[in-house]
Amino acid sequence: MKFLSLPFLLLLFFVLSCFADASVRKSHHTKNGFQNPNPNIQAKGLSDLLVWQFQRFQLQTSLDPADYPPFPVVGNDGKELNANVSKLSVTWVGHATTLIQIDGVNILTDPIWSERCSPVGFIGPKRYTPPGIKIEDLPPIDIVVLSHNHYDHTDLPTLKQIEEKFHPLVLTGLGNKKLLLGEGMKNVREMDWWEKTNWKEIDITFTPTQHFSGRGLFDRNESLWGSYLISGKTEKVYFGGDTGYYTHFREVAERLGEIDVAILPIGATEPRWMMEAVHVDPKEAVQAFSDLKAKYMVPMHYMTFVLSDEKLDSPVPRTKEELKRSGISEDRLVPLKIGESRFF
């Protein structure tokens, strides 16, 4: 029996490696980063942003929070939350920041307590509604989940405060660990879509969204964005992060089963030509809620920073209209005031 030559073996290994790589390569992974579940949908770029800002200037459509009465904020001293060790609860801190309590585990989503969501502290979108609870009044935070690395969702000054006080496990998409470790986070775990991690008796799955990532001009989509399905002993909570509408909501329900509470964005939606690819509007949020087959919907991502052109007080009324149009009981909507907690 003749032995195969070394060049032939190397060639064979190379070909088989190529086929093997193709068989395991995930569709949302690209050569330079990541892409959306619907690869034909592209978020708008810098030139679109400049066009939008010029149109705002021409038409004077920029919103001034001073034109609106103060939005209601419920003073939350954290006492009830600190005493809760068993009930499922959701507290809206503001924007996409919520506190989820499930089976005695305390989870913060996309925490931001800063006055601005910006790379610098003196310019950029300014908070016009204060956080609903002080960091020092929070119960011990076990886990922080970060949907993506935009400044209004991965706020480094806030994360540093939370690390100093609580030392939580920080979950984030692929490509973000280096940034977070460099800013002092000690326990960071990167996740890919559909990857699951466990904390005590809680399972957390990182699930797809339709969005994008980037903190500068040259790092677009180099890190992964997503949402989270948090599964306790008997209850499940979905945190939607930032997302446009696509089939991923149905896929989450099909793969992971019944959901008790879906925390979904309803703001930062206008103009649609600019926002549609990456931000669901109230109509699409209601469709997502239906796709997820969730019992209750907690809206978020509105009433905190001015990021778009819709009326600041419009997201909840529009969501209620869409629920009615879809034949879904308004009782299933839980429009928390900032600082308010709901125990389920």
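Is Asp110 buried or exposed in this predicted model? Asp110 is buried, with a relative accessible area of 0%; buried here means under 20% relative accessible area, exposed means over 50%, and partly exposed is in between (1.4 Å probe, protein chains only). Before the views, some notes on reading them: residues are numbered from 1 along each chain as its sequence is written, and side-chain values use heavy atoms, without hydrogens or water. Because the model is predicted, local features need pLDDT of at least 70 and side-chain atom pairs count only at pLDDT 80 or more, while totals for chains, interfaces and linings use all residues.

**View 1. Asp110 and its loop.** Asp110 is found in the loop between strand E3 (105-109) and strand E4 (143-145). Helices (H or I, at least four residues) and strands (E, at least two) are DSSP runs, numbered from the N terminus. Take a look at the backbone here: Asp110 has a positive phi of about 35° although it is not a glycine.

**View 2. The sheet that holds E1 and E13.** Seven strands form an open sheet in the order E6-E5-E4-E3-E2-E1-E13, with mixed pairing. Strand E6 (188-191) and strand E13 (341-343) are the edge strands, each pairing on one side only. Two strands pair if DSSP finds at least two bridges between them. Three bridges join strand E1 (residues 89-94) to E13, and the two run antiparallel; Thr91 stands opposite Ser341 in E13.

View 3. Strand E11 (residues 259-265) and E12 run parallel and are joined by six bridges; the bridge partner of Val261 in E12 is Tyr296.

**View 4. The buried side of helix H6.** In helix H6 (residues 248-256), His248, Phe249, Val252 and Ala253 are buried. They cover an arc of only 145° around the axis, so they sit on the same side of H6; the arc is that of the directions from the helix axis to the C-beta atoms. The buried residues of H6 pack against strand E8 (202-207), E10, E11 and H8, where contact means heavy atoms within 4.5 Å. Just after H6, Gly257 takes a positive phi of about 85°.

**View 5. Leu292 in the nonpolar core.** The largest nonpolar core has 57 residues, of which Ile107, Tyr238, Ile263, Leu264 and Leu292 touch the most other members. Such a core is a set of buried Ala, Val, Leu, Ile, Met, Phe, Trp, Tyr and Cys residues joined through side-chain atoms within 4.5 Å. Leaving aside neighbours within four places in sequence, Leu292 is in contact with residues including Tyr238, Phe249, Val252 and Ala253.

View 6. The peptide bond from Glu270 to Pro271 is cis, with omega near 0°, and Pro271 has its place in the loop between E11 and helix H7 (272-275). His301 lies in the loop between E12 and helix H9 (315-326). His301 has a positive phi of about 70° although it is not a glycine, and at 2% relative accessibility it counts as buried.
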